[in-house]
Amino acid sequence: MDHFQILIVGGGNAGISVASQLLLKDKALDIAIIEPSEKHYYQPAWTLVGGGDYDIQETEKEEAEVMPDAVTWIREAVASFEPEQMQLNTTEGNTYSYDALVVCPGIQLDWHKIEGLEESLGKHQVCSNYGFDKAPYTWECIRNFKGGTALFTQPATPVKCGGAPQKIMYMAADHFQRNGILAKSQLEFCSPGKVIFGVKKYAKSLSQVVENYGIQLNFRHELIRVDGPGKKATFSVKDDEGGVRELVKPFDMIHITPPQSAPDFVKSSPLANDAGWLDLDKYSLQHKKYTHVFGLGDASGTPNAKTGAAVRKQAPVVVDNLLAVLHQRSLTAQYDGYGSCPLITAKGKLILAEFDYNNEPAESFPFDQSKERFSMYQLKRRVLPWMYWNKILKGTA
């Protein structure tokens, strides 16, 4: 059995950032990352790809390019955890032990939970930005749209970047407006939630954007079935009394955000809470039961927005507290729930929502970020991707 001082599950944003930051603190650390994927993606740009303002090829690199040199890369997939024995098992039949474990495998896309979706996706004007191979078809659907009904859905589960389902709707509306077809289009946002956004300051601005585009908001609507060839979407709709009915909506185009969950190997493990997410202290990011286990990123059960911006604030907390455990010191670093959602409202316009666990604004710039700005769009379009590849993954941002 191979043993490592620090074992990291997941070679995405969270895993690479934590490894890089740990090595900057102590280059002698013995670290391994378990990650089966050969490719690494900058997923926040997929909305821009779907909106026709980014090249999909620029969102992909070889995993080997971003893996820190001093790290052992185990190209396998985790099958199960044995935290009592401080070891884990892979689908390849190998067992690895550790002094400290960081779990950050990202989120799982549950396409199968919407009936008919897997058969319809990528054709029949049924699209989704949630995938490298899927986002370009969204732009194809938007570009070729000639009017009619365009539906945009959000699932009942937490999702990576909670604002993404509506960002693409605003980009579509903007494109339709520029091309003179918004007036003969009916855009509808179908969400199981009750509000457009959880932070009131930004919700107020988004409500104005919705009004300006003439978008219809359908709250308490959860997509359960899609018929691509028949151009019909079926929703489960809740009323004020808790009653549920099914509603069929015809469409000429539909953008679907799939239900999402922690990976199955997390859900079925002793590390999961009742809802299947990593059971972490929301401030220290240490596992509530196993002191040598930490977690961050989208598989975490902490009540923050699942965004790359959250990972950027979580990573240094995990690094400091993990080293404290290894050196038998008390844990002092704390994560305040910071998340950021760059809400694209048009090509060239963006509201930069930043907030904490209390859904209170936690803004970085000395101006009102609830206003649409060209400068913030450029931050999203140009600055953040550069920062990601050149600073964040290297542990210096």
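This is a predicted model: local features need pLDDT of at least 70, side-chain atom pairs count only at pLDDT 80 or more; totals for chains, interfaces and linings use all residues.

Colleague: How do S10 and S17 pair, and over how many bridges?
Modeller: S10 and S17, which covers residues 253-255, pair in the parallel sense over two bridges.

Colleague: What is the strand order in the open sheet of five strands?
Modeller: The order is S10-S17-S11-S12-S13, and the pairing is parallel.

Colleague: Which strands stand at the edges there?
Modeller: Strand S10 (126-127) and strand S13 (216-219) do. Each has a single partner strand, so one side of each has no neighbour in the sheet.

Colleague: What about the residue Gln125, where is it found?
Modeller: Gln125 lies in the loop between helix H4 (117-120) and S10. Its phi is near 60 degrees, which is a positive value in a residue other than glycine.

Colleague: How many bridges join S14 and S15?
Modeller: S14 and strand S15 (residues 232-238) pair in the antiparallel sense over six bridges. As one example of facing residues, Arg225 stands opposite Thr234 in S15.

Colleague: What about S1 and S2, how do they pair?
Modeller: Strand S1 (residues 2-9) and S2 pair in the parallel sense over four bridges. The bridge partner of Ile8 is Ile33 in S2.

Colleague: Which way do the residues of S2 point?
Modeller: S2 covers residues 31-34. Ile31 and Ile33 point one way, Ala32 and Ile34 point the other way, and all are buried.

Colleague: Now helices. What describes two packed helices?
Modeller: The angle between their axes and the distance between the axes.

Colleague: What are those values for H1 and H9?
Modeller: Helix H1 (residues 13-25) and helix H9 (residues 308-326) pack at about 40 degrees, with their axes 9 Å apart. H1 and H9 are therefore oblique to each other. Their crossing is right-handed.

Colleague: Which residues make that contact?
Modeller: From H1, they include Ala14, Val18 and Leu22, and from H9 they include Val311, Ala315 and Leu322. The residues of the contact of H1 with H9 divide into 10 nonpolar, four polar and two charged.

Colleague: How do the axes of H5 and H6 cross?
Modeller: The axes of helix H5 (residues 135-144) and helix H6 (residues 164-178) come within 9 Å and cross at roughly 30 degrees. The crossing of H5 and H6 is right-handed. Thr138, Trp139, Ile142 and Arg143 in H5 meet Ile168, Ala172, His175 and Phe176 in H6. By class, that contact has five nonpolar, two polar and one charged residues.

Colleague: Is the crossing of H6 and H7 left-handed or right-handed?
Modeller: The crossing of H6 and H7 is left-handed. The axes of H6 and helix H7 (residues 200-213) come within 11 Å and cross at roughly 35 degrees. Among the residues that meet are Tyr170 and Ala173 in H6, and Leu206 and Val210 in H7.

Colleague: Last one, Pro136. What is it in contact with?
Modeller: Pro136 is in helix H5. Leaving aside its neighbours within four places in sequence, Pro136 is in contact with Val49 and Ile56. Pro136 has 33% relative accessibility, so it counts as partly exposed.

How values were computed
Residues are numbered from 1 along each chain as its sequence is written. Side-chain values use heavy atoms; hydrogens and water are left out. Axes are lines fitted to C-alpha atoms, for helices over the stretch in contact, and angles run from 0 to 180 degrees between N-to-C directions. A crossing is left-handed if the near helix is turned anticlockwise from the far one by less than a right angle, and right-handed if clockwise. Contact means heavy atoms within 4.5 Å. Ala, Val, Leu, Ile, Met, Phe, Trp, Tyr, Cys and Pro count as nonpolar, Asp, Glu, Lys and Arg as charged, and the others, Gly among them, as polar. Two strands pair if DSSP finds at least two bridges between them. Angles under 35 degrees count as roughly parallel, over 145 as roughly antiparallel, 65 to 115 as roughly perpendicular and the rest as oblique. Buried means under 20% relative accessible area, exposed over 50%, partly exposed in between (1.4 Å probe, protein chains only).
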